[in-house]
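User: I am new to this structure and would like to learn how to read its features. Could you please guide me through them?

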Amino acid sequence: MCAILLAVAIDSVGGHHRDLIAILGPVIGVAFIGTGLLAWLRRPENRFGALMVAVGFSYCLSGLIVTTESWPFTAGLLLIALPYAIVFHILLAFPSGRLGARGDRALAAAAYATATLAWWGCMLLSDTTRQGFPANPLLAADEPDLFSALARIRLGVVAALIALLGVVLVRRWRAAAPSQRRALAPVYLSGGLVLALY
């Protein structure tokens, strides 16, 4: 998958952030897939490894935005937020990989819906050629103002979900024993940084 992303990036002269994604995309994808496979092999009953593999593959697939071909570009654009929703899920489900409480399941479902359905709805209104990208074959209506308003609302929902996740993680941190905090710290810090940058 990472090799395909690299080949597409090399072939797509002038693609969106081509050089950056050609270098970082495969590295990030391989890191998540490799670490996830190792965790999955060691503890197959734990879903944490499977979730990490899913982040790696979804990240590589979203890297198709480097292409100058319309359909692959659009496929990459449709998946661009999915890795972040899976990271959100990972943070909620760490360390077992399973979502226990109803509130956790609701937060994860909201993150996935915002990363997929809400974003896909926005994409129906986005003429990507206006920004110099390949054409969006899913364009239903060119409504830049409506797209902008919906994208801002979606971004507000994403920020609220990340804030709620922060509250959940701080509560878990406070309730954890000192030995558990050492295990939680690197996952919470790295995952929190990824979502904050998003």
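Predicted model: local features only at pLDDT ≥ 70, side-chain atom pairs only at ≥ 80, totals over all residues.

User: How are two packed helices described, and what is the angle at which α7 and α8 pack?

Analyst: In general, a packed pair is described by the angle between the two axes and by the distance between them. Here helix α7, residues 144-175, packs with helix α8, residues 178-197, at an angle of about 170°. Their axes are 11 Å apart. Angles over 145 degrees count as roughly antiparallel, so α7 is roughly antiparallel to α8.

User: Which residues make the contact between α7 and α8?

Analyst: From α7, the contact is made by Ile162, Leu165, Leu169, Arg172, Trp173 and Arg174. From α8 come Arg181, Leu184, Ala185, Tyr188 and Leu195. Sorted by class, this contact has eight nonpolar residues, three charged residues and no polar residues.

User: Which residues of α8 are buried, and what covers them?

Analyst: A residue counts as buried when its relative accessible area is under 20%. In α8 the buried residues are Leu184, Val187, Tyr188, Gly191 and Leu195. Their cover includes α5 (82-93) and α7.

User: Is Leu107 buried or exposed, and what does Leu107 contact?

Analyst: Leu107 lies in helix α6, residues 102-123. Its relative accessible area is 11%, so Leu107 is buried. Leaving aside neighbours within four places in sequence, Leu107 is in contact with Phe88, Leu92, Leu161, Leu164 and Val168. Leu107 and Ile162 are 55 residues apart in sequence, and their C-alpha atoms are 9.5 Å apart in space.

User: Which residues does Thr114 touch, and is Thr114 buried or exposed?

Analyst: Thr114 is also found in helix α6. With a relative accessible area of 8%, Thr114 is buried. Not counting residues up to four places away in sequence, Thr114 touches Trp119, Arg154, Val157, Val158 and Leu161. Thr114 and Leu155 are 41 residues apart in sequence and 8.9 Å apart in space, C-alpha to C-alpha.

How values were computed
Residues numbered from 1 in each chain as written. Heavy atoms only, no water. Axes fitted to C-alpha atoms, helices over the stretch in contact; angles between N-to-C directions. Helix = DSSP H or I, 4+ residues; strand = E, 2+ residues; numbered from the N terminus. Parallel < 35°, antiparallel > 145°, perpendicular 65-115°, else oblique. Contact = heavy atoms within 4.5 Å. Nonpolar A, V, L, I, M, F, W, Y, C, P; charged D, E, K, R; others polar. Buried < 20%, exposed > 50% of the residue type's maximum accessible area, 1.4 Å probe, protein only.
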